[in-house]
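Hello,

Here is the structure you will be working with. Please open it first, then read my notes below.

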Amino acid sequence: MSQENKKFYQQTRVERLDTLVNQGIISDSDKELYQKTPLLTEDVANSLIENQISQFPLPEGVALNFIIDGEKKVIPMVVEEPSVIAACSNSAKILSRNGFSTSISKRELIGQIILKDIPDIEAAKLKIEKNKDQIFTLAKEAHPSIHSRGGGLKDFYVKIIKDTTITDKEFLTVYLLIETKDAMGANIINTILEGLTPFILELTNGASLMSILSNYNTEALVTATCEVPLTDLETKNFSGQELGQKIAEASLYAKLDPHRAATHNKGIMNGIDSVVIATGNDPRAVEAGAHAFASKNGRYQGMTNWEVVEDNLVGELTLPMVLGTVGGAISVLPLAKSNLELLGVTTSEELSRIVLCVGLAQNFAALRALVSDGIQKGHMSLHASSLAIQVGAQNEEIEIIANQLRLAPKMNSAIAKELLMTLRDK
Ligand code: NDP
């Protein structure tokens with residue numbers, strides 16, 4: 001079959017890269033970089049982490065069919081789990097009639113200066129609030145460049161933190177709202193906090209417990225929504241109305257039961273983390289914020305909302321999302337830069353919007369499978385190649401064994417081994 005007649009997933013890796021070049025999605029030089037999948041230089045690897053002994057490769061693929069705020073997007077994803085990228089692309093295709101829409105209200109991060117052992121806590125709170133001008137001046141002095149970029153300290157508030165059901169101790173915390181433009185901003189914030197802490201201590205006569213950013217980014221919420229006609233959901237075994245209703249009920253159930261919510265949200269993070277990693281961002285920071293937000297109502301809940309509205313299924317995902325397109329590891333990981341180019345984004349906000357859409361698509365895929373055929377059918381079919389490799393299949397044996405496994409009544413390593421032995425005996 002010629003390359004033009006093959007679907008993207010049927011093409012070889014090099015053919016896929018050629019397709020992306022022909023569609024103007026990547027440049028020839030990026031194609032070369034993707035094709036080589038270079039290791040990090042020894043200097044970079046050594047500077048990123050401590051006690052470095054090796055490098056640990058993960059596969060990268062692209063999700064297709066996304067239309068986000070009216071623009072087509074091809075999305076790089078780095079993930080070790082089979083079926084994540086296929087499911088994501090398939091969802092985006094089903095949802096493509098209207099695509100995804102996104103919104104962001106603002107993007108301010110929160111830094112905390114946490115104080116203890118304050119002699120008069122109410123007076124200390126007032127004193128901090130009265131010294132607004134000096135606090136803004138010191139923040140600017142601590143990190144002039146982020147302020148000259150239009151970011152930096154935007155506001156602050158002070159809270160007495162006390163809960164006698166846990167302890168009699170009380171703390172005074174200054175919450176600083178800081179805009180970090182296109183950087184994830186952890187270092188920027190920590191620098192500003194450390195610049196301010198001595199002055200805050202002087203005002204309060206207290207002691208410092210710590211000064212650090214919060215990953216619970218409640219002032220940097222991003223929303224993705226989608227709306228699909230129920231008729232587009234119809235399958236061989238289910239009407240669109242029935243499937244839409246069950247998807248809505250599945251998202252409702254995840255609000256009620258934390259055991260289900262955890263798995264519901266894990267599916268969302270399958271998509272989100274894959275793009276976060278592909279762009280050199282910090283998945284632990286994103287996970288921490290997302291799961292904290294999932295508990296905002298006092299109990300851990302599913303992150304998405306799906307509803308049948310008239311003849312449509314409407315989906316929504318809102319999460320704190322603070323990503324960088326500069327700084328951190330992004331500037332030193334060569335493929336992170338290429339992946340940002342592939343996405344066609346330069347700003348943190350653009351990247352965050354895309355990541356939320358991927359999370360919503362991933363959740364749609366999981367719910368659609370769970371309330372219809374179950375998740376194993378599609379998952380195991382894509383897992384077949386990994387199983388073949390696990391039992392020792394090599395080169396063309398991998399696809400032969402994987403295909404035989406897909407047709408077999410059961411799929412496990414014993415059967416895969418048997419099939420491989422039979423193949424080799426032929
Ligand atoms: P960096 O300090 O590496 O990058 C930020 C710097 O990039 C800015 O100070 C600015 O410096 C420069 N810059 C260039 N262009 C822009 C732009 N358009 N917008 C904003 N800044 C720009 O990284 P971050 O502060 O983003 O910190 C991220 C790292 O911190 C990640 O690696 C993360 O893992 C880590 N981290 C995370 C923590 C957490 O999540 N709890 C805690 C501690 C660290 P200049 O103006 O001088 O050019």
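**What I found around the ligand and beyond**

Start at the ligand: one of its oxygen atoms is 2.8 Å from an N or O atom in the side chain of Asp-282. Keep in mind that this is a predicted model.

The side chain of Arg-149 has an N or O atom 2.9 Å from an oxygen atom of the ligand. With Met-184 the backbone takes part: a backbone N or O atom there lies 3.2 Å from a ligand oxygen. How much of the ligand does the protein cover? On its own, the ligand has 940 Å² of accessible area, and the protein covers 67% of that.

Now the shell. There are 21 residues around the ligand. Those that come nearest are Ser-145, Arg-149, Gly-185, Asp-282 and Gly-328. Sorted by class, the shell has nine polar, eight nonpolar and four charged residues.

Which helix gives the largest share of the shell? That is helix 8, with four residues. Helix 8 spans 186–204. Helix 7 (144–148) also supplies at least two residues.

Next, the domains. The domain assignment of the chain gives domain 1 (37–105 + 222–373), domain 2 (109–214) and domain 3 (378–425). Where does the ligand sit among the domains? Domain 1 and domain 2 both give residues to the shell, so the ligand lies between them.

Look closely at strand 4 (residues 109–116) and strand 7. These two run antiparallel, and seven bridges join them.

Best wishes

How values were computed:
Residues are numbered from 1 along each chain as its sequence is written. This is a predicted model: local features need pLDDT of at least 70, side-chain atom pairs count only at pLDDT 80 or more; totals for chains, interfaces and linings use all residues. Side-chain values use heavy atoms; hydrogens and water are left out. A residue is near a molecule or strand if one of its heavy atoms lies within 4 Å of it. A polar contact is a pair of N or O atoms within 3.5 Å; within protein, one must be able to donate a hydrogen and the other to accept it, and residues adjacent in sequence count only if both atoms are side-chain atoms. Accessible areas come from the Shrake-Rupley method with a 1.4 Å probe; for residues, only the protein chains shown count as cover. Ala, Val, Leu, Ile, Met, Phe, Trp, Tyr, Cys and Pro count as nonpolar, Asp, Glu, Lys and Arg as charged, and the others, Gly among them, as polar. Domain bounds come from an automatic or database domain assignment. Two strands pair if DSSP finds at least two bridges between them.
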